[in-house]
Amino acid sequence: MLKKLLSKCLCLLLLFALAACGSGSSSTNNPEPSASVQTSSVDPETSSVHSADPVYALAPTAQNASGNRQGVYYEIFVRAFADSDGDGIGDLNGLIQKLDYLNDGNPETTTDLGITGIWLMPINKAASYHGYDVTDYYAINPEYGTMEDFERLIEEAHKRGISVIMDLVLNHTSSSHPWFISARDPASPYRDWYLWADENSDEYNVKATIWGHNAWHKVNDSYYLGLFWSEMPDLNYNNPEVRQEAKNIAAFWLDKGVDGFRLDAVPHLFDSVEVRPGESGLEKTLEWWTKFTAFCHEKKPGCLIVGEVLNESTSIRASYLPALDSTFHIGLGPQIANVVKGGASNNNYISTFIANNYAQYAKANPDYIDAPMLSNHDQNRIITAVGGDHEKMKVAASIYLTLEGIPFIYYGEEIGMVGGKPDEDIRLPFVWGGDDPLQTRWRESKYNAIVKSVAEQEGDPNSLLTHYKRLIRVRTKNHALYAGKFSPIESENPSIVAYNMKSDRQSAIILHNLAQTEQSISSLDLTGYTLEFCQKKDGFVQDGNQVVMPPLSTVIFVRDLN
Ligand SMILES: [Ca+2]
Ligand SMILES: [Ca+2]
Ligand SMILES: [Ca+2]
(Lines give C-alpha, C1' and ligand atoms only; values in the text may rest on other atoms or scores of the structure.)
(Ligands and ions follow the chains in the order given, each with its own letter.)
Protein backbone atom coordinates (compact mmCIF):
# COMPACT_ATOMS: atom_id res chain seq x y z
CA MET A 1 0.00 0.00 0.00
CA LEU A 2 0.87 3.64 -0.17
CA LYS A 3 2.55 4.04 3.08
CA LYS A 4 5.98 4.81 4.16
CA LEU A 5 6.15 1.93 6.52
CA LEU A 6 9.44 0.20 6.07
CA SER A 7 11.65 2.86 4.64
CA LYS A 8 14.21 4.38 6.90
CA CYS A 9 16.20 7.36 5.79
CA LEU A 10 18.13 5.84 2.95
CA CYS A 11 19.49 9.01 1.43
CA LEU A 12 23.04 8.28 2.51
CA LEU A 13 22.84 4.68 1.39
CA LEU A 14 21.47 5.83 -1.91
CA LEU A 15 24.41 8.13 -2.46
CA PHE A 16 26.68 5.24 -1.61
CA ALA A 17 24.80 3.09 -4.09
CA LEU A 18 25.17 5.68 -6.80
CA ALA A 19 28.88 5.68 -6.22
CA ALA A 20 29.30 1.94 -5.94
CA CYS A 21 26.83 0.62 -8.44
CA GLY A 22 29.06 0.39 -11.43
CA SER A 23 31.64 -1.67 -9.60
CA GLY A 24 29.66 -4.88 -9.59
CA SER A 25 30.79 -6.99 -12.47
CA SER A 26 34.47 -6.37 -12.64
CA SER A 27 35.06 -9.78 -14.15
CA THR A 28 33.06 -9.40 -17.34
CA ASN A 29 36.08 -10.50 -19.31
CA ASN A 30 36.16 -13.89 -17.65
CA PRO A 31 36.47 -16.35 -20.52
CA GLU A 32 34.24 -18.92 -18.82
CA PRO A 33 31.77 -20.09 -21.48
CA SER A 34 28.15 -19.16 -21.01
CA ALA A 35 25.24 -21.06 -22.38
CA SER A 36 23.14 -17.92 -22.29
CA VAL A 37 24.86 -16.18 -25.14
CA GLN A 38 23.27 -17.30 -28.35
CA THR A 39 20.67 -19.88 -27.53
CA SER A 40 17.60 -18.22 -28.95
CA SER A 41 18.14 -19.21 -32.56
CA VAL A 42 19.68 -22.59 -31.85
CA ASP A 43 17.83 -25.87 -31.92
CA PRO A 44 18.22 -27.14 -28.38
CA GLU A 45 18.03 -30.76 -29.48
CA THR A 46 21.16 -30.63 -31.56
CA SER A 47 22.99 -27.70 -30.08
CA SER A 48 26.37 -27.94 -28.48
CA VAL A 49 26.15 -24.53 -26.83
CA HIS A 50 24.69 -26.33 -23.84
CA SER A 51 27.93 -28.07 -23.05
CA ALA A 52 28.23 -25.80 -20.03
CA ASP A 53 28.15 -27.68 -16.73
CA PRO A 54 25.00 -26.57 -14.86
CA VAL A 55 26.88 -26.85 -11.56
CA TYR A 56 29.19 -24.00 -12.55
CA ALA A 57 27.41 -22.08 -15.29
CA LEU A 58 24.05 -21.23 -16.75
CA ALA A 59 22.74 -24.29 -18.57
CA PRO A 60 19.42 -26.02 -19.11
CA THR A 61 18.10 -28.10 -16.23
CA ALA A 62 14.82 -29.82 -15.54
CA GLN A 63 12.09 -27.55 -14.24
CA ASN A 64 10.30 -29.82 -11.81
CA ALA A 65 8.40 -27.29 -9.73
CA SER A 66 4.84 -27.11 -10.97
CA GLY A 67 1.52 -25.53 -10.20
CA ASN A 68 0.88 -22.22 -8.52
CA ARG A 69 2.23 -23.15 -5.08
CA GLN A 70 5.80 -23.93 -6.11
CA GLY A 71 8.57 -22.27 -8.02
CA VAL A 72 9.35 -18.58 -8.19
CA TYR A 73 7.00 -15.64 -8.68
CA TYR A 74 7.74 -12.28 -10.28
CA GLU A 75 5.90 -9.10 -9.26
CA ILE A 76 5.02 -6.90 -12.23
CA PHE A 77 3.96 -3.28 -12.39
CA VAL A 78 2.35 -3.43 -15.83
CA ARG A 79 2.76 0.32 -16.43
CA ALA A 80 6.54 0.00 -16.09
CA PHE A 81 7.19 -3.28 -17.84
CA ALA A 82 6.66 -3.37 -21.61
CA ASP A 83 4.81 -1.02 -23.96
CA SER A 84 3.33 -2.50 -27.14
CA ASP A 85 1.76 0.57 -28.75
CA GLY A 86 4.35 3.29 -28.32
CA ASP A 87 2.47 5.52 -25.89
CA GLY A 88 5.18 4.94 -23.29
CA ILE A 89 2.83 3.16 -20.89
CA GLY A 90 3.33 -0.52 -20.24
CA ASP A 91 0.39 -2.67 -21.27
CA LEU A 92 -0.84 -6.26 -21.35
CA ASN A 93 0.15 -6.80 -24.97
CA GLY A 94 3.65 -5.61 -24.15
CA LEU A 95 3.77 -8.07 -21.27
CA ILE A 96 2.58 -10.88 -23.54
CA GLN A 97 5.40 -10.07 -25.96
CA LYS A 98 7.88 -10.24 -23.10
CA LEU A 99 6.64 -13.45 -21.53
CA ASP A 100 9.50 -15.30 -23.19
CA TYR A 101 11.91 -13.20 -21.15
CA LEU A 102 10.21 -14.50 -18.01
CA ASN A 103 9.74 -18.11 -19.09
CA ASP A 104 9.52 -19.31 -22.68
CA GLY A 105 8.05 -22.63 -21.66
CA ASN A 106 11.06 -24.57 -22.93
CA PRO A 107 13.34 -25.90 -20.18
CA GLU A 108 16.13 -26.42 -22.73
CA THR A 109 16.63 -22.70 -23.29
CA THR A 110 18.49 -20.33 -21.01
CA THR A 111 17.48 -17.02 -22.57
CA ASP A 112 14.65 -16.72 -20.05
CA LEU A 113 14.62 -16.00 -16.34
CA GLY A 114 12.74 -19.23 -15.63
CA ILE A 115 10.13 -17.91 -13.18
CA THR A 116 6.93 -19.94 -12.82
CA GLY A 117 4.41 -17.34 -11.70
CA ILE A 118 3.58 -13.67 -11.96
CA TRP A 119 1.81 -11.31 -9.60
CA LEU A 120 0.16 -8.52 -11.51
CA MET A 121 -0.11 -5.30 -9.54
CA PRO A 122 -3.62 -3.82 -9.98
CA ILE A 123 -4.92 -4.07 -13.53
CA ASN A 124 -8.49 -2.97 -12.83
CA LYS A 125 -9.78 0.37 -13.99
CA ALA A 126 -8.55 2.82 -11.35
CA ALA A 127 -8.13 6.49 -10.54
CA SER A 128 -4.39 6.64 -9.77
CA TYR A 129 -1.36 5.56 -11.77
CA HIS A 130 -0.66 2.65 -9.36
CA GLY A 131 -4.18 1.24 -9.52
CA TYR A 132 -4.75 0.74 -5.80
CA ASP A 133 -7.95 2.83 -5.99
CA VAL A 134 -10.27 0.85 -8.20
CA THR A 135 -13.17 2.45 -10.09
CA ASP A 136 -14.42 -0.75 -11.77
CA TYR A 137 -13.57 -4.21 -10.43
CA TYR A 138 -14.87 -5.92 -13.55
CA ALA A 139 -12.88 -3.93 -16.10
CA ILE A 140 -9.29 -3.76 -17.28
CA ASN A 141 -7.51 -0.43 -16.98
CA PRO A 142 -7.94 0.93 -20.54
CA GLU A 143 -4.33 2.18 -20.50
CA TYR A 144 -3.29 -1.47 -20.08
CA GLY A 145 -5.59 -2.97 -22.72
CA THR A 146 -8.84 -4.85 -23.04
CA MET A 147 -10.45 -7.89 -21.49
CA GLU A 148 -9.52 -9.83 -24.63
CA ASP A 149 -5.88 -8.85 -24.08
CA PHE A 150 -6.14 -10.11 -20.52
CA GLU A 151 -7.65 -13.42 -21.60
CA ARG A 152 -4.84 -13.82 -24.10
CA LEU A 153 -2.27 -13.01 -21.41
CA ILE A 154 -3.64 -15.78 -19.19
CA GLU A 155 -3.63 -18.20 -22.09
CA GLU A 156 -0.08 -17.32 -23.17
CA ALA A 157 1.22 -17.43 -19.59
CA HIS A 158 -0.33 -20.82 -18.91
CA LYS A 159 1.09 -22.14 -22.17
CA ARG A 160 4.54 -21.40 -20.74
CA GLY A 161 3.85 -22.88 -17.33
CA ILE A 162 3.47 -19.45 -15.72
CA SER A 163 0.74 -19.03 -13.08
CA VAL A 164 -0.92 -15.64 -12.82
CA ILE A 165 -2.18 -14.11 -9.61
CA MET A 166 -3.66 -10.64 -9.53
CA ASP A 167 -3.80 -7.88 -6.99
CA LEU A 168 -7.21 -7.58 -5.38
CA VAL A 169 -7.87 -4.34 -3.54
CA LEU A 170 -10.92 -5.03 -1.41
CA ASN A 171 -10.45 -2.80 1.64
CA HIS A 172 -11.40 0.36 -0.20
CA THR A 173 -12.49 1.74 -3.55
CA SER A 174 -11.61 4.96 -5.25
CA SER A 175 -13.71 7.96 -4.20
CA SER A 176 -14.62 8.18 -7.89
CA HIS A 177 -16.02 4.63 -7.95
CA PRO A 178 -19.73 4.90 -8.91
CA TRP A 179 -20.64 3.13 -5.66
CA PHE A 180 -19.06 5.88 -3.58
CA ILE A 181 -20.30 8.71 -5.77
CA SER A 182 -23.80 7.39 -5.18
CA ALA A 183 -23.13 6.71 -1.48
CA ARG A 184 -22.47 10.40 -0.79
CA ASP A 185 -26.27 10.75 -0.92
CA PRO A 186 -27.73 9.49 2.38
CA ALA A 187 -30.69 8.06 0.45
CA SER A 188 -28.51 5.99 -1.89
CA PRO A 189 -28.82 2.18 -1.88
CA TYR A 190 -24.99 2.22 -1.75
CA ARG A 191 -24.86 4.44 1.35
CA ASP A 192 -24.27 1.47 3.66
CA TRP A 193 -21.53 0.05 1.40
CA TYR A 194 -19.23 2.53 3.15
CA LEU A 195 -18.86 3.54 6.78
CA TRP A 196 -20.58 6.76 7.81
CA ALA A 197 -20.75 8.45 11.18
CA ASP A 198 -21.39 11.87 12.62
CA GLU A 199 -19.64 13.82 15.31
CA ASN A 200 -21.91 12.49 18.04
CA SER A 201 -21.56 8.87 17.07
CA ASP A 202 -21.39 6.37 19.92
CA GLU A 203 -20.07 3.71 17.53
CA TYR A 204 -17.13 5.45 15.93
CA ASN A 205 -14.70 8.17 16.86
CA VAL A 206 -14.65 10.41 13.81
CA LYS A 207 -11.64 12.27 15.22
CA ALA A 208 -9.51 9.11 15.16
CA THR A 209 -6.16 9.37 13.40
CA ILE A 210 -4.09 6.72 11.70
CA TRP A 211 -0.49 7.00 10.42
CA GLY A 212 -0.62 10.67 11.35
CA HIS A 213 -3.71 11.64 9.40
CA ASN A 214 -7.46 11.65 10.00
CA ALA A 215 -9.18 8.34 9.31
CA TRP A 216 -12.60 9.95 8.85
CA HIS A 217 -13.39 12.58 6.24
CA LYS A 218 -16.25 15.07 6.19
CA VAL A 219 -18.98 15.28 3.55
CA ASN A 220 -21.75 17.72 4.46
CA ASP A 221 -22.66 16.76 8.05
CA SER A 222 -21.30 13.22 7.94
CA TYR A 223 -17.94 11.57 8.04
CA TYR A 224 -16.86 8.54 6.00
CA LEU A 225 -13.94 6.27 6.74
CA GLY A 226 -10.90 6.40 4.46
CA LEU A 227 -7.99 4.83 6.34
CA PHE A 228 -5.32 5.40 3.74
CA TRP A 229 -6.54 8.59 2.12
CA SER A 230 -9.71 10.64 1.72
CA GLU A 231 -9.87 9.48 -1.90
CA MET A 232 -9.83 5.79 -0.86
CA PRO A 233 -13.04 5.27 1.14
CA ASP A 234 -13.16 1.99 3.08
CA LEU A 235 -15.85 -0.50 2.14
CA ASN A 236 -18.17 -1.59 4.95
CA TYR A 237 -17.67 -5.33 5.46
CA ASN A 238 -20.41 -5.39 8.09
CA ASN A 239 -22.76 -5.16 5.12
CA PRO A 240 -23.60 -8.60 3.66
CA GLU A 241 -24.05 -7.03 0.21
CA VAL A 242 -20.45 -5.85 0.26
CA ARG A 243 -19.20 -9.26 1.38
CA GLN A 244 -21.16 -10.89 -1.43
CA GLU A 245 -19.84 -8.40 -3.96
CA ALA A 246 -16.23 -9.14 -2.93
CA LYS A 247 -16.88 -12.82 -3.58
CA ASN A 248 -18.52 -12.02 -6.91
CA ILE A 249 -15.41 -10.10 -7.95
CA ALA A 250 -13.14 -13.00 -6.96
CA ALA A 251 -15.35 -15.47 -8.82
CA PHE A 252 -15.32 -13.29 -11.92
CA TRP A 253 -11.51 -13.30 -12.15
CA LEU A 254 -11.12 -16.94 -11.17
CA ASP A 255 -13.50 -17.71 -14.04
CA LYS A 256 -11.24 -15.63 -16.29
CA GLY A 257 -8.45 -18.03 -15.41
CA VAL A 258 -6.37 -16.37 -12.72
CA ASP A 259 -4.60 -18.77 -10.37
CA GLY A 260 -5.15 -16.79 -7.21
CA PHE A 261 -4.93 -13.38 -5.63
CA ARG A 262 -2.53 -11.11 -3.88
CA LEU A 263 -4.77 -9.46 -1.31
CA ASP A 264 -4.07 -5.82 -0.55
CA ALA A 265 -4.20 -4.33 2.96
CA VAL A 266 -5.27 -7.56 4.66
CA PRO A 267 -5.31 -6.38 8.32
CA HIS A 268 -7.41 -3.31 7.54
CA LEU A 269 -10.72 -4.87 6.48
CA PHE A 270 -11.88 -4.19 10.02
CA ASP A 271 -9.23 -1.83 11.30
CA SER A 272 -9.29 -0.91 14.99
CA VAL A 273 -10.64 2.55 14.12
CA GLU A 274 -13.59 1.03 12.25
CA VAL A 275 -14.90 -1.41 14.82
CA ARG A 276 -17.51 -0.57 17.42
CA PRO A 277 -16.82 -0.62 21.16
CA GLY A 278 -16.45 -4.23 22.32
CA GLU A 279 -15.63 -5.62 18.88
CA SER A 280 -12.27 -7.10 17.92
CA GLY A 281 -10.99 -5.89 14.56
CA LEU A 282 -8.59 -8.82 14.29
CA GLU A 283 -11.30 -11.37 15.02
CA LYS A 284 -13.68 -9.88 12.47
CA THR A 285 -10.93 -9.54 9.88
CA LEU A 286 -9.83 -13.15 10.34
CA GLU A 287 -13.40 -14.36 10.14
CA TRP A 288 -13.91 -12.51 6.87
CA TRP A 289 -10.69 -13.70 5.20
CA THR A 290 -11.25 -17.28 6.34
CA LYS A 291 -14.61 -17.25 4.55
CA PHE A 292 -13.19 -15.49 1.51
CA THR A 293 -10.28 -17.93 1.17
CA ALA A 294 -12.61 -20.89 1.57
CA PHE A 295 -14.86 -19.41 -1.12
CA CYS A 296 -11.92 -19.06 -3.54
CA HIS A 297 -10.66 -22.57 -2.80
CA GLU A 298 -14.11 -23.97 -3.41
CA LYS A 299 -14.46 -22.04 -6.64
CA LYS A 300 -10.99 -23.04 -7.82
CA PRO A 301 -9.31 -25.78 -5.79
CA GLY A 302 -5.63 -25.09 -5.20
CA CYS A 303 -5.75 -21.41 -6.07
CA LEU A 304 -3.22 -19.34 -4.15
CA ILE A 305 -4.27 -16.64 -1.71
CA VAL A 306 -1.34 -14.47 -0.60
CA GLY A 307 -1.97 -11.60 1.76
CA GLU A 308 -0.22 -8.31 2.28
CA VAL A 309 0.32 -7.90 6.01
CA LEU A 310 2.78 -5.05 5.86
CA ASN A 311 4.25 -5.57 9.28
CA GLU A 312 7.72 -6.55 10.43
CA SER A 313 6.31 -8.41 13.43
CA THR A 314 6.37 -12.12 12.68
CA SER A 315 3.63 -12.83 15.21
CA ILE A 316 1.32 -10.30 13.58
CA ARG A 317 1.92 -11.74 10.10
CA ALA A 318 1.49 -15.25 11.50
CA SER A 319 -1.85 -14.32 13.05
CA TYR A 320 -3.30 -13.99 9.54
CA LEU A 321 -1.96 -17.34 8.32
CA PRO A 322 -4.88 -19.44 9.55
CA ALA A 323 -7.14 -17.40 7.26
CA LEU A 324 -4.95 -17.38 4.13
CA ASP A 325 -2.53 -19.63 2.26
CA SER A 326 0.38 -17.27 2.70
CA THR A 327 1.59 -13.85 3.81
CA PHE A 328 4.59 -12.05 2.36
CA HIS A 329 7.69 -12.32 4.52
CA ILE A 330 7.94 -8.61 5.28
CA GLY A 331 11.13 -7.74 7.14
CA LEU A 332 13.12 -10.69 5.79
CA GLY A 333 14.71 -8.69 2.97
CA PRO A 334 16.21 -6.01 5.21
CA GLN A 335 17.51 -8.70 7.60
CA ILE A 336 19.21 -10.53 4.75
CA ALA A 337 20.60 -7.28 3.38
CA ASN A 338 22.00 -6.43 6.83
CA VAL A 339 23.92 -9.66 7.26
CA VAL A 340 25.17 -9.58 3.69
CA LYS A 341 26.33 -6.02 4.17
CA GLY A 342 27.89 -6.85 7.54
CA GLY A 343 29.84 -9.65 5.95
CA ALA A 344 30.94 -11.66 8.95
CA SER A 345 30.03 -12.85 12.44
CA ASN A 346 26.32 -12.72 11.67
CA ASN A 347 26.19 -16.22 10.23
CA ASN A 348 24.13 -18.08 12.79
CA TYR A 349 22.01 -15.02 13.49
CA ILE A 350 20.19 -15.03 10.16
CA SER A 351 19.50 -18.76 10.07
CA THR A 352 18.21 -18.67 13.64
CA PHE A 353 16.04 -15.65 12.78
CA ILE A 354 14.55 -17.50 9.82
CA ALA A 355 13.98 -20.70 11.81
CA ASN A 356 12.19 -18.75 14.55
CA ASN A 357 9.95 -17.09 11.96
CA TYR A 358 9.00 -20.44 10.44
CA ALA A 359 8.28 -21.89 13.88
CA GLN A 360 5.79 -19.09 14.52
CA TYR A 361 4.20 -19.61 11.12
CA ALA A 362 3.87 -23.36 11.67
CA LYS A 363 2.21 -22.79 15.01
CA ALA A 364 -0.38 -20.53 13.37
CA ASN A 365 -0.96 -22.72 10.32
CA PRO A 366 0.90 -26.04 9.87
CA ASP A 367 0.26 -25.79 6.10
CA TYR A 368 1.61 -22.26 5.77
CA ILE A 369 3.34 -21.32 2.52
CA ASP A 370 5.97 -18.67 3.03
CA ALA A 371 6.36 -15.92 0.43
CA PRO A 372 9.89 -14.59 0.92
CA MET A 373 11.04 -11.47 -0.88
CA LEU A 374 13.80 -8.90 -0.68
CA SER A 375 11.57 -5.90 -1.35
CA ASN A 376 8.38 -4.92 -3.17
CA HIS A 377 6.71 -1.89 -4.74
CA ASP A 378 6.30 -0.17 -1.36
CA GLN A 379 9.91 -0.44 -0.24
CA ASN A 380 13.16 1.11 -1.40
CA ARG A 381 14.83 -1.21 -3.86
CA ILE A 382 16.98 -3.68 -1.97
CA ILE A 383 20.22 -3.17 -3.86
CA THR A 384 20.61 0.16 -2.09
CA ALA A 385 20.68 -1.68 1.24
CA VAL A 386 23.76 -3.65 0.14
CA GLY A 387 25.56 -0.54 -1.03
CA GLY A 388 24.72 -1.05 -4.70
CA ASP A 389 27.22 -3.91 -4.85
CA HIS A 390 26.18 -6.58 -7.38
CA GLU A 391 28.33 -9.26 -5.72
CA LYS A 392 26.59 -8.69 -2.38
CA MET A 393 23.26 -8.52 -4.16
CA LYS A 394 23.95 -11.99 -5.57
CA VAL A 395 24.44 -13.41 -2.08
CA ALA A 396 21.25 -11.73 -0.84
CA ALA A 397 19.39 -13.29 -3.77
CA SER A 398 20.99 -16.67 -3.12
CA ILE A 399 19.73 -16.62 0.45
CA TYR A 400 16.07 -15.81 -0.15
CA LEU A 401 15.84 -17.97 -3.29
CA THR A 402 16.91 -21.03 -1.28
CA LEU A 403 14.39 -20.64 1.55
CA GLU A 404 10.94 -22.16 2.03
CA GLY A 405 7.85 -21.39 0.00
CA ILE A 406 7.48 -19.27 -3.11
CA PRO A 407 9.93 -16.38 -3.42
CA PHE A 408 8.67 -13.19 -5.07
CA ILE A 409 11.14 -11.27 -7.23
CA TYR A 410 10.21 -7.61 -7.66
CA TYR A 411 10.59 -6.73 -11.33
CA GLY A 412 13.98 -5.20 -12.03
CA GLU A 413 15.59 -6.72 -8.94
CA GLU A 414 17.27 -9.28 -11.20
CA ILE A 415 19.13 -6.56 -13.08
CA GLY A 416 19.88 -4.47 -10.00
CA MET A 417 17.44 -1.65 -10.62
CA VAL A 418 17.94 1.20 -8.18
CA GLY A 419 15.18 3.27 -6.61
CA GLY A 420 14.08 4.94 -3.39
CA LYS A 421 11.07 6.88 -2.17
CA PRO A 422 8.91 8.56 -3.39
CA ASP A 423 6.96 5.49 -4.47
CA GLU A 424 7.06 6.44 -8.15
CA ASP A 425 10.84 6.05 -8.11
CA ILE A 426 10.56 2.50 -6.76
CA ARG A 427 8.31 1.66 -9.72
CA LEU A 428 10.40 2.99 -12.59
CA PRO A 429 10.45 1.70 -16.17
CA PHE A 430 12.09 -1.70 -16.47
CA VAL A 431 15.41 -1.29 -18.26
CA TRP A 432 15.45 -3.46 -21.37
CA GLY A 433 18.28 -1.62 -23.15
CA GLY A 434 19.45 -2.10 -26.70
CA ASP A 435 16.82 0.35 -28.01
CA ASP A 436 14.12 -2.16 -27.22
CA PRO A 437 10.91 -1.06 -28.98
CA LEU A 438 8.87 -2.19 -25.96
CA GLN A 439 10.72 0.07 -23.50
CA THR A 440 8.23 1.98 -21.30
CA ARG A 441 8.66 5.66 -20.50
CA TRP A 442 5.90 6.24 -17.98
CA ARG A 443 8.29 8.14 -15.72
CA GLU A 444 11.77 9.46 -16.25
CA SER A 445 14.42 7.60 -14.30
CA LYS A 446 17.35 9.40 -12.74
CA TYR A 447 19.04 6.06 -12.15
CA ASN A 448 19.23 4.63 -15.66
CA ALA A 449 22.84 5.66 -16.14
CA ILE A 450 23.94 3.32 -13.35
CA VAL A 451 21.62 0.37 -14.10
CA LYS A 452 22.91 -2.24 -16.52
CA SER A 453 20.11 -3.19 -18.87
CA VAL A 454 18.89 -6.66 -19.73
CA ALA A 455 20.64 -6.30 -23.10
CA GLU A 456 23.94 -5.55 -21.37
CA GLN A 457 23.67 -8.37 -18.82
CA GLU A 458 22.20 -11.14 -20.96
CA GLY A 459 25.35 -12.64 -22.37
CA ASP A 460 27.56 -11.94 -19.38
CA PRO A 461 28.22 -15.13 -17.38
CA ASN A 462 28.97 -13.02 -14.30
CA SER A 463 26.04 -10.62 -14.43
CA LEU A 464 23.41 -10.36 -11.73
CA LEU A 465 20.80 -11.40 -14.30
CA THR A 466 22.70 -14.59 -15.14
CA HIS A 467 23.03 -15.33 -11.42
CA TYR A 468 19.24 -15.05 -10.99
CA LYS A 469 18.71 -17.36 -13.99
CA ARG A 470 21.04 -19.96 -12.51
CA LEU A 471 19.52 -19.84 -9.04
CA ILE A 472 15.94 -19.99 -10.27
CA ARG A 473 16.83 -23.07 -12.32
CA VAL A 474 18.45 -24.74 -9.31
CA ARG A 475 15.40 -23.98 -7.21
CA THR A 476 12.80 -25.22 -9.68
CA LYS A 477 14.83 -28.38 -10.35
CA ASN A 478 15.41 -29.56 -6.79
CA HIS A 479 12.59 -30.89 -4.63
CA ALA A 480 14.40 -30.01 -1.42
CA LEU A 481 14.45 -26.37 -2.51
CA TYR A 482 10.98 -25.90 -3.96
CA ALA A 483 9.13 -28.16 -1.54
CA GLY A 484 11.46 -28.56 1.42
CA LYS A 485 11.54 -27.37 5.01
CA PHE A 486 14.31 -25.30 6.52
CA SER A 487 16.57 -26.03 9.45
CA PRO A 488 19.67 -24.09 10.47
CA ILE A 489 23.09 -25.73 10.63
CA GLU A 490 25.46 -24.36 13.24
CA SER A 491 28.49 -23.02 11.40
CA GLU A 492 31.91 -22.86 13.07
CA ASN A 493 33.02 -20.22 10.61
CA PRO A 494 31.42 -16.87 11.47
CA SER A 495 31.45 -15.80 7.81
CA ILE A 496 29.57 -18.80 6.48
CA VAL A 497 25.78 -19.11 6.74
CA ALA A 498 24.72 -22.77 6.62
CA TYR A 499 21.34 -24.43 6.51
CA ASN A 500 19.50 -27.52 5.40
CA MET A 501 16.43 -27.76 3.18
CA LYS A 502 14.76 -31.13 3.28
CA SER A 503 11.73 -32.72 1.67
CA ASP A 504 10.55 -36.32 1.70
CA ARG A 505 12.65 -36.93 -1.41
CA GLN A 506 15.76 -34.85 -1.13
CA SER A 507 18.04 -33.04 1.26
CA ALA A 508 20.07 -29.95 0.40
CA ILE A 509 22.87 -28.25 2.29
CA ILE A 510 23.25 -24.58 1.42
CA LEU A 511 26.32 -22.52 2.26
CA HIS A 512 26.84 -18.80 1.75
CA ASN A 513 30.19 -17.12 2.29
CA LEU A 514 29.42 -13.54 3.33
CA ALA A 515 33.03 -12.46 3.55
CA GLN A 516 35.06 -10.67 0.90
CA THR A 517 37.79 -13.24 1.51
CA GLU A 518 38.07 -16.99 0.97
CA GLN A 519 36.55 -18.99 3.85
CA SER A 520 36.41 -22.64 4.79
CA ILE A 521 34.24 -24.95 6.81
CA SER A 522 34.85 -28.56 7.84
CA SER A 523 32.20 -29.39 10.40
CA LEU A 524 29.54 -30.55 7.94
CA ASP A 525 28.74 -34.15 7.17
CA LEU A 526 28.62 -34.23 3.38
CA THR A 527 28.48 -38.00 3.09
CA GLY A 528 26.26 -38.92 0.15
CA TYR A 529 25.89 -35.33 -1.03
CA THR A 530 26.85 -34.13 -4.49
CA LEU A 531 27.64 -30.61 -5.58
CA GLU A 532 24.57 -29.15 -7.31
CA PHE A 533 25.43 -25.46 -7.53
CA CYS A 534 28.71 -23.62 -7.21
CA GLN A 535 28.52 -19.91 -7.86
CA LYS A 536 32.25 -19.40 -8.49
CA LYS A 537 34.38 -22.21 -9.80
CA ASP A 538 37.66 -20.39 -9.25
CA GLY A 539 38.77 -20.84 -5.66
CA PHE A 540 36.22 -23.48 -4.75
CA VAL A 541 37.72 -26.63 -3.24
CA GLN A 542 36.02 -29.63 -1.70
CA ASP A 543 37.95 -32.38 -0.01
CA GLY A 544 35.57 -34.70 1.81
CA ASN A 545 33.87 -32.57 4.45
CA GLN A 546 36.33 -29.75 4.00
CA VAL A 547 34.91 -26.97 1.82
CA VAL A 548 36.77 -23.85 0.74
CA MET A 549 34.53 -21.10 -0.58
CA PRO A 550 35.53 -18.12 -2.73
CA PRO A 551 34.58 -14.64 -1.41
CA LEU A 552 30.88 -13.69 -1.51
CA SER A 553 29.61 -16.93 -2.98
CA THR A 554 27.11 -19.72 -2.55
CA VAL A 555 27.30 -23.50 -2.93
CA ILE A 556 24.50 -26.06 -2.73
CA PHE A 557 24.92 -29.80 -2.11
CA VAL A 558 22.06 -32.26 -2.59
CA ARG A 559 21.38 -35.83 -1.63
CA ASP A 560 18.49 -38.00 -2.73
CA LEU A 561 16.59 -39.66 0.08
CA ASN A 562 15.10 -43.17 -0.18
CA1 LIG B 1 1.11 1.25 -24.11
CA1 LIG C 1 13.51 -21.72 -21.04
CA1 LIG D 1 -11.26 -1.16 6.29
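Here is a walk through this model, from its overall build to one helix and a calcium site.

It's a predicted model, where local features need pLDDT of at least 70, side-chain atom pairs count only at pLDDT 80 or more, and totals for chains, interfaces and linings use all residues. Residues are numbered from 1 along each chain as its sequence is written, and side-chain values use heavy atoms, leaving out hydrogens and water.

Let's start with the whole protein. Its secondary structure comes to 15 helices and 22 strands, taken as DSSP runs (H or I, at least four residues, for helices; E, at least two, for strands) numbered from the N terminus. Of its 562 residues, 63% count as buried, meaning under 20% relative accessible area with a 1.4 Å probe and protein chains only; exposed means over 50%, and partly exposed is in between.

Now zoom in on helix α8, residues 281-299. Its buried residues include Trp-288, Trp-289 and Phe-292. Seen down the helix axis, the buried residues of α8 fall within an arc of 160° (using directions from the axis to the C-beta atoms), so they line one face. The face turned away from that buried side carries the exposed Glu-283 and Glu-298.

Finally, the calcium ion (ligand 1): its protein donors are Asp-83 (OD), Asp-85 (OD), Asp-87 (OD), Ile-89 (O) and Asp-91 (OD), at 2.2 to 2.4 Å. Donors here are N, O and S atoms within 2.8 Å of the metal, or 3.2 Å for Na, K and Ca; water is not among the atoms, so sites may look incomplete. Along the chain the donors follow the spacing D-x1-D-x1-D-x1-I-x1-D. Asp-91 is buried at 4% relative accessibility, while Asp-87 is partly exposed at 39%.

Notes
Chains lettered and ligands numbered in written order. Expected span 1.5 Å × (residues − 1).
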